[in-house]
Amino acid sequence: MGCALLLFCTSGLAVNAFTVYQPYILKVNGFTNAQSSTLITIRSLFTFLSMLSAGLYYRHFSLRAGMTIAGMTVALGFLTFALAGNYAVYCAAAALVGLGYGVGTMIPIAILLDRWFLTDRTLALGACSAVTGLSTLGIPSMLTALIEEYSLRAGFLVGSAAIALLTLVSWALLRNKPAELGLAPYAHGEAAAVRRRRGGADLTKGDWAVLAPTLLLIGAVTSVGYSHLTVHMSAMGYSPHVAAFGITVSGIALMLGKIAFGWVSERAGMYAGNWIFGLILVAGLVLLCLPVKNSALLYLAMAAYGVGLSLTTVGLTAWAGDWSTEERYDSTVGRFQIGYSGGGLLFSSLPGILADRSGGSYRPAYLFFLACAVCMLLTVQFIYLRKRKGIVKP
């Protein structure tokens, strides 16, 4: 619960729900599409830098303290957005959010849950990260109403206060190890007595050569793709309320998808889970690229995209477990997250640039994300076949 609350703040409210603010940032300030995308670029840059330094950061702070500082940094970033009067201050606010997001999301949470769960780690990660979907469950509509009734500043002030409060609740719940509460790590079955060893060998240099560019594509599909959903819908002519409900639909789908992905992968194996959720992701992106304005079709696309993103969020950490020994798990998770954030940084400005050159349409960007998703799925499955992991039911 402590990890889920923090992730709700540092990822759900800070990144997923941020897409609601973007059309109003454009409207109120008169920014171009490229300037709006640059804010995502700056956030991604500081996310990337903070993930690079996460190892050093958590050598100076315990997981509990470091995660709390990260949440408060995100709250400060939203407060800075509320007070921003020019583009430079908006950039500073995006940098603060990126710093908190980088060291306050899946890197520490994966390590912490690894200490608390001997078995069912993927299911635990899925259940924990599913809470990010709650950030789109009614909250986009509430934020839209708040901003339209009062102001963009009011929306950011409420977001800042909510993140700060929930971060404090998370701090009260979190502990670095179960022993601090007189508990033992969760386990069931035979693994209750013996810690289950990770089944895979470490990734080779050849594996990394194939995987490194794939991690960049995952960052593009997940981070950049989701961040531009609202402006994509607005460019297609949908009203702010339809767009907000679309984000809610995707959030519910993402929440349920993460739990389902954990459940399926624990029982059918990661190889089968990758195919199922990867194809759903591809289908969602195909629907988002269609030049048709239809609300029902839009909601179906958002639902499929949301379910599919469970592969590129929970799956990323689960792959690290299958492709590393026990000793190298922490470093592999860190490398995966750095690659993911690198993709977010590399491609973050692309949608706005393409939109400015295509009459304001974001469809070319989502065609690119579709191609990225197909390449990502095929590459991951290729590595699983090479490793012979997850092909049969464990």
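Here is a short chat about aromatic rings and helix packing in this predicted model.

Visitor: How many aromatic pairs does a search of the whole structure find?
Guide: Rings count as a pair if their centres lie within 6.5 Å. Searching the whole structure on that basis gives a total of 26.

Visitor: Take F18 and F156: is that pair stacked, edge-to-face or tilted?
Guide: Let's start with the ring centres, which are 6.2 Å apart. Stacked needs planes under 30 degrees apart and edge-to-face needs over 60. The planes here are at 40°, so the pair is tilted.

Visitor: Where in the chain do F18 and F156 sit, and how many residues apart are they?
Guide: F18 belongs to helix α2 (residues 18-29), while F156 belongs to helix α10 (residues 152-173). Both are buried, and both are part of one aromatic cluster with Y21, F31, F78, F81, Y87 and Y90. The pair links distant parts of the chain, with a separation of 138 residues.

Visitor: What about F245 and Y299: stacked or edge-to-face?
Guide: F245 is in helix α13 (residues 240-268) and Y299 is in helix α15 (residues 295-322), 54 residues apart. F245 is partly exposed at 41% relative accessible area, and Y299 is partly exposed too, at 22%. Their ring centres are 5.0 Å apart and their planes are at 80°, so the pair is edge-to-face.

Visitor: Which residue lies over the face of W171?
Guide: W171 is one of the α10 residues in the contact with α5. At 4.4 Å from its ring centre, over the face of the ring, lies R64.

Visitor: And which ring has the charged end of K293 over it?
Guide: A charge has to be within 6 Å of the ring centre to count. The charged end of K293 is 5.8 Å from the centre, and the ring belongs to Y238.

Visitor: Are α5 and α10 roughly parallel or roughly antiparallel?
Guide: The axes of α5 (residues 63-83) and α10 come within 7 Å and cross at roughly 170°. Angles over 145 degrees fall in one class, so the two helices are roughly antiparallel.

Visitor: How many residues of the contact of α5 with α10 are nonpolar?
Guide: On the α5 side, the contact includes M72, V74 and F78, and on the α10 side it includes F156, L157 and I163. Five of the contact residues are polar and two are charged, while the nonpolar ones number 15.

Note on methods: Residues numbered from 1 in each chain as written. Predicted model: local features only at pLDDT ≥ 70, side-chain atom pairs only at ≥ 80, totals over all residues. Heavy atoms only, no water. Phe/Tyr/Trp six-rings, centres within 6.5 Å; stacked < 30°, edge-to-face > 60°. Helix = DSSP H or I, 4+ residues; strand = E, 2+ residues; numbered from the N terminus. Buried < 20%, exposed > 50% of the residue type's maximum accessible area, 1.4 Å probe, protein only. Lys NZ or Arg CZ within 6 Å of the ring centre and 35° of its normal. Axes fitted to C-alpha atoms, helices over the stretch in contact; angles between N-to-C directions. Parallel < 35°, antiparallel > 145°, perpendicular 65-115°, else oblique. Contact = heavy atoms within 4.5 Å. Nonpolar A, V, L, I, M, F, W, Y, C, P; charged D, E, K, R; others polar.
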